[in-house]
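Subject: Handover of a structure and notes on its contents

Dear colleague,

Please find the structure below, together with its sequence. My notes follow it, and I would ask you to read them with the structure open.

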Amino acid sequence: MAQDIENNSEQFEKIKEFVQRNKKLIIGLVVALLIILIGNDFYQSKQEQNTGEASQLFQKLLISKTTDIENLKSIADDLKDHYAKTPYAARAQIIFVKTILKNDAVDQDVKDRLQWVSRNAVEPSIKSLSVYYLGLISLSEDDLEGAKNLSELIKTKGFVGFKFDLQGDIAKKEGDIDKAKELYGKAISSFSPQSDFSRVIEYKLQNL
């Protein structure tokens, strides 16, 4: 017992001496640790604030009139420029692009937004969707090689149907009807039989 007390006393003295010799270093490390912890808390708080603000903007976009293109563009730009690291930024570009494609022709702004989403989207599904749209645009411009390359980038589970649909369109444009039928069949199998997209592909298949 006495031996244990003596050993503990010696260890305490050694620790005390170490602390005295390295006082400045230890204080510096403690201060650095506190700065890191405070900085991390601030970063987390800022991230949560940004996500909340982005969510509000995205909700505003969802309830905006689809005919108010300038307002939609303003919100989509705001999300892209100031909240790029949130999932809402990429989603907003997809919604804006879909609205433009329904009402107008494809322009460079549409391509730029889709390319931005393909590079910056947080969610793999949104990234795959942007690549699908880019593939359709390449196909409409007769860039079959570009469309093929883009189709291969669609790898997200649940989106392979879009990949097969795009590849079916490419095969059809190349005049390979048998291959188009095969790919459209794979696309239909990848979607629910009751889905609108499945019915669209079924119509394509019937009209080959």
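In these notes, two residues are in contact, or touch, when they have heavy atoms within 4.5 Å. The model is predicted, so local features need pLDDT of at least 70 and side-chain atom pairs count only at pLDDT 80 or more, whereas totals for chains, interfaces and linings use all residues. Residues are numbered from 1 along each chain as its sequence is written, and side-chain values use heavy atoms, with hydrogens and water left out.

Overall composition

The protein has 10 helices and 0 strands; helices (H or I, at least four residues) and strands (E, at least two) are DSSP runs, numbered from the N terminus. Read from the N terminus, the order of elements is α-α-α-α-α-α-α-α-α-α. Of the 208 residues, 33% are buried. Here, buried means under 20% relative accessible area, exposed means over 50%, and partly exposed lies in between (1.4 Å probe, protein chains only). The exposed surface comes to about 13400 Å², of which carbon and sulfur atoms supply 55%. Such areas come from the Shrake-Rupley method with a 1.4 Å probe, and for residues only the protein chains shown count as cover. Among contacts between residues at least 6 apart in sequence, 50% join residues at least 24 apart.

The nonpolar core

In soluble globular proteins, nonpolar side chains tend to be buried together. A nonpolar core is a set of buried Ala, Val, Leu, Ile, Met, Phe, Trp, Tyr and Cys residues joined through side-chain atoms within 4.5 Å. The largest such core in this model has 46 residues, and those with the most contacts inside it are Leu-79, Ile-94, Leu-114, Val-117 and Leu-129. The elements giving two or more residues to this core include helix 2 (23–62), helix 3 (69–82), helix 4 (87–103) and helix 9 (177–190).

Helix 5 and helix 6

Two packed helices are described by the angle between their axes and the distance between the axes. Helix 5 and helix 6 pack at an angle of about 145°, and their axes are 8 Å apart. The axes are lines fitted to C-alpha atoms, for helices over the stretch in contact, and angles run from 0 to 180 degrees between N-to-C directions. Among the residues that meet are Val-110, Leu-114 and Val-117 in helix 5, and Ile-126, Ser-130 and Leu-134 in helix 6.

Which residues does Leu-114 touch, not counting residues up to four places away in sequence? They are Ile-94, Val-97, Ser-130, Tyr-133, Leu-134 and Ile-137. Leu-114 lies in helix 5 and counts as buried, at 0% relative accessibility. Leu-114 and Val-97 are 17 residues apart in sequence, and their C-alpha atoms are 7.8 Å apart in space.

Ser-130, in helix 6, is also buried, at 0% relative accessibility. Not counting residues up to four places away in sequence, Ser-130 touches Ile-94, Leu-114, Val-117 and Ser-118. Its C-alpha atom is separated by 9.5 Å from that of Arg-119, 11 residues apart along the chain.

Is Arg-113 buried or exposed? Arg-113, placed in helix 5 (residues 108–120), is buried, with a relative accessible area of 2%. Leaving out residues up to four places away in sequence, Arg-113 touches Lys-73, Ala-76, Asp-77, Lys-80, Gln-93, Phe-96 and Val-97.

Helix 7 and its surroundings

In helix 7 (residues 144–151), the buried residues are Gly-146, Ala-147, Leu-150 and Ser-151. Seen down the helix axis, they fall within an arc of 135°, so they line one face of helix 7. The arc is that of the directions from the helix axis to the C-beta atoms. Their cover includes helix 6 (124–140) and helix 8 (160–174).

Asp-142 sits in the loop between helix 6 and helix 7. Although Asp-142 is not a glycine, it has a positive phi of about 65°. At 54% relative accessibility, Asp-142 counts as exposed.

Lys-173, in helix 8, is partly exposed, at 41% relative accessibility. Apart from neighbours within four places in sequence, Lys-173 is in contact with Leu-139, Ser-140, Asp-142 and Leu-144. The C-alpha atoms of Lys-173 and Ser-140 are separated by 9.9 Å, with the two residues 33 apart along the chain.

Yours sincerely
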